[in-house]
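Reader: Could you take me through this model? I would like to begin with the ligand site and then move on to other topics.

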Amino acid sequence: MDAIVALAKRRGFIFQSSEIYGGFNGFFDYGPLGSELKKNIRDCWWNDMVRRRDDIVGLESSIIMHPKVWEASGHVAGFTDPLVDCKASKMRYRADQLFFAKVGIHPEPIEFTQADEATRAEYFERLKPRDGRKKVVEPSAKVLEIVAAFRREEEAAARAETVSGEGIGYVSALETERTTAALREKAELLKRKVGARGILVVAKPKDFTDATPEEVALIPSPATGNPGDLTEARSFNMMFQTNVGAMTDAASVSYLRPETAQGMFVDFKNVVDTGRVKLPFGIAQIGKSFRNEITPRNFIFRSREFEQMEMEYFIHEDADWAKCHQEWIEWCRQWLLSIGLPESHLSLYAHPKAKLAFYSKGTVDIMFKYPFGVQELWGIAARGDYDLKQHATASGKPMEYFDELSKKKFVPHVIEPAVGVDRILLAVLCAGYAEEDVKDEKGNVEKRTVLRLSPRIAPVKVAVLPLLKNKETLVGRARALYQKLQRRYAVFYDDGGAIGRRYRRQDEIGTPWCVTIDFDTIEKPGDTFTLRERDSMQQTRITETELFALLEEKVY
Ligand code: GAP
């Protein structure tokens, strides 16, 4: 991950917001290449989701909407994260990301005698190489038998996952891809601290939202390590508040939208009345959303200002919603593959029924294998008729659809695929980044950093490189090609340095092709260029017509 963050900064993809002031946690800026990459992701989604479909129309609603929208949608009352404070360090954590485990010592009387333990200790002592004595002394059969039995006990205890009685205390750790391992390490330290003997048992980790009031007092703060420093979990509303107009009183309070979805529900009637749409149909929107995340982290994965691409697909109240839900899950998966994410990195996670919001019929997340763990990329939710009904009740305006066939009025149900542009961008950077050993023209091995971005989203599609910058005929031909390509594509002109180095610079930013204008171009018939392909590094000759045909096919 560090290498990807460094590349993103070095090559102008992503900067920390307000960096000269020390940065601003949870906010990011997209540099020259990042803004191109982001725009390409948005454009691909918009083209595939809206322009290339007959059943979906677009919308761009305002970021700040009437505060009643957020009351009706349930965000004012319920868009909260459980929050826990450390009273001593003043650190603040999301309770569902703070894990704890009770620690105990194996409750069964261990069948080893003290002598056995001493033998085991001696065995491990003997395995240690001493000064100048590397040879390991073979343990006796008896010792091996005892060690094996001890290991079996240890494994059984590790699997037990429950600690009966008081135990020796609690350990806590913040959620990472190795939370369980971190808790175990802390449990080992605790065992040593309290001087306990026997086999360590670490109960199954739970998150802080599951802590009983008695446990809250016993769980150590991750910041101080002391029990009693943490508060109970409290609800914290994640919407950013602002005031609209000159007064800053309760009546002027409004919110930066935490999702784009509500725009589609609130404008449902407007679109039906003006858009010549018939069920089933969708309304799609791309735009910024804002959430006062308690723990923004993993670079741009969870930030406070981010961009969403959401689509509300309205269906008949009696339609087979489960089938439609499945179809959208598959559509989203295929779309991610179409912009170059590898199938091996994608998986599906169906939210357990018990954890769904009461109105939700089902939610499936497309998960992506990021370097920091498998995490949600795209949520596809079946939301029933909840949102439209809420707005109908709160506004007093009917949100019904008149079905010509059945001559019936009803409130449509909805399937909602909702994804973050920034999360997709991070996924393509992570999946595309590679460092490899390659040979230069002289046969020397060197490192090349390459971003394997799909031509659909690569920030630069082609780099045009005149072999020499002081040869008028080469430069003239290169400039002419560059200007022609520029009318349709994002292209880059580079005449600085050795050709191999110029290729490397383009590899690092994910440019799929480099076109070199060389002496064959100007001296031989056919007006051909050297086309160098990023991933294979293969070089072929190509005419201008063939180059445009290649781009037409691959960049869509
Ligand atoms: N309208 C439904 C909705 O907003 P969500 O699961 O809260 O659902 C949808 O958000 C998507 O938006 C997520 O799957 C994720 O891709 C993106 N997203 C949510 N919170 C984010 C954050 N703090 N930073 C970056 N992306 C975020």
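Reader: What classes of residue make up the shell around the ligand?

Author: By class, the shell has six nonpolar, four polar and eight charged residues. Here Ala, Val, Leu, Ile, Met, Phe, Trp, Tyr, Cys and Pro count as nonpolar, Asp, Glu, Lys and Arg as charged, and the others, Gly among them, as polar. The model is predicted: local features need pLDDT of at least 70, side-chain atom pairs count only at pLDDT 80 or more, and totals for chains, interfaces and linings use all residues. Residues are numbered from 1 along each chain as its sequence is written, and side-chain values use heavy atoms, with hydrogens and water left out.

Reader: How many residues surround the ligand, and which are the closest?

Author: The ligand is surrounded by 18 residues, where a residue is near a molecule or strand if one of its heavy atoms lies within 4 Å of it. The closest are E259, E293, E310, E376 and L377.

Reader: Which polar side-chain atoms lie by a nitrogen or an oxygen atom of the ligand?

Author: E310 places a polar side-chain atom 2.4 Å from a ligand nitrogen, and E376 has one 2.5 Å from a ligand oxygen. A polar contact is a pair of N or O atoms within 3.5 Å; within protein, one must be able to donate a hydrogen and the other to accept it, and residues adjacent in sequence count only if both atoms are side-chain atoms.

Reader: And where does the backbone come in?

Author: At S303, where a polar backbone atom is 2.9 Å from a nitrogen atom of the ligand.

Reader: How much of the ligand's accessible area does the protein cover?

Author: On its own the ligand has 550 Å² of accessible area, and the protein covers 88% of that. Accessible areas come from the Shrake-Rupley method with a 1.4 Å probe; for residues, only the protein chains shown count as cover.

Reader: What does β17 pair with?

Author: β17 pairs in the antiparallel sense with β16 (residues 362–370), over nine bridges, and with β20, also in the antiparallel sense, over six bridges. Two strands pair if DSSP finds at least two bridges between them.

Reader: Which residues stand opposite each other there?

Author: G362 stands opposite A382 in β17, and W378 stands opposite V419 in β20. A hairpin of two residues joins β16 to β17.

Reader: New topic: how many salt bridges does the structure hold?

Author: The structure holds 44, a salt bridge being a side-chain nitrogen of Lys or Arg within 4 Å of a carboxyl oxygen of Asp or Glu. In one of them, R10 joins E508, with the closest N and O atoms 2.6 Å apart. That pair links distant parts of the chain, 498 residues apart: R10 is in helix α1 (residues 2–10) and E508 in helix α15 (residues 499–509).

Reader: Are those two buried or partly exposed?

Author: R10 is partly exposed at 49% relative accessibility, whereas E508 is buried at 14%.

Reader: What about R383 and D387?

Author: Their side chains meet in a salt bridge of 2.8 Å, N to O. R383 is buried, with 10% relative accessibility, and D387 is buried at 2%. Elsewhere, salt bridges that share partners join E436, E446, R448, R452, R504, D507, R532, R534 and D535 into one network.

Reader: Finally, what is the overall make-up of the chain?

Author: The protein chain has 17 helices and 27 strands. Its C-alpha trace spans about 90 × 75 × 50 Å along the principal axes. Of its 556 residues, 49% are buried.

Key:
Helices (H or I, at least four residues) and strands (E, at least two) are DSSP runs, numbered from the N terminus. Buried means under 20% relative accessible area, exposed over 50%, partly exposed in between (1.4 Å probe, protein chains only).
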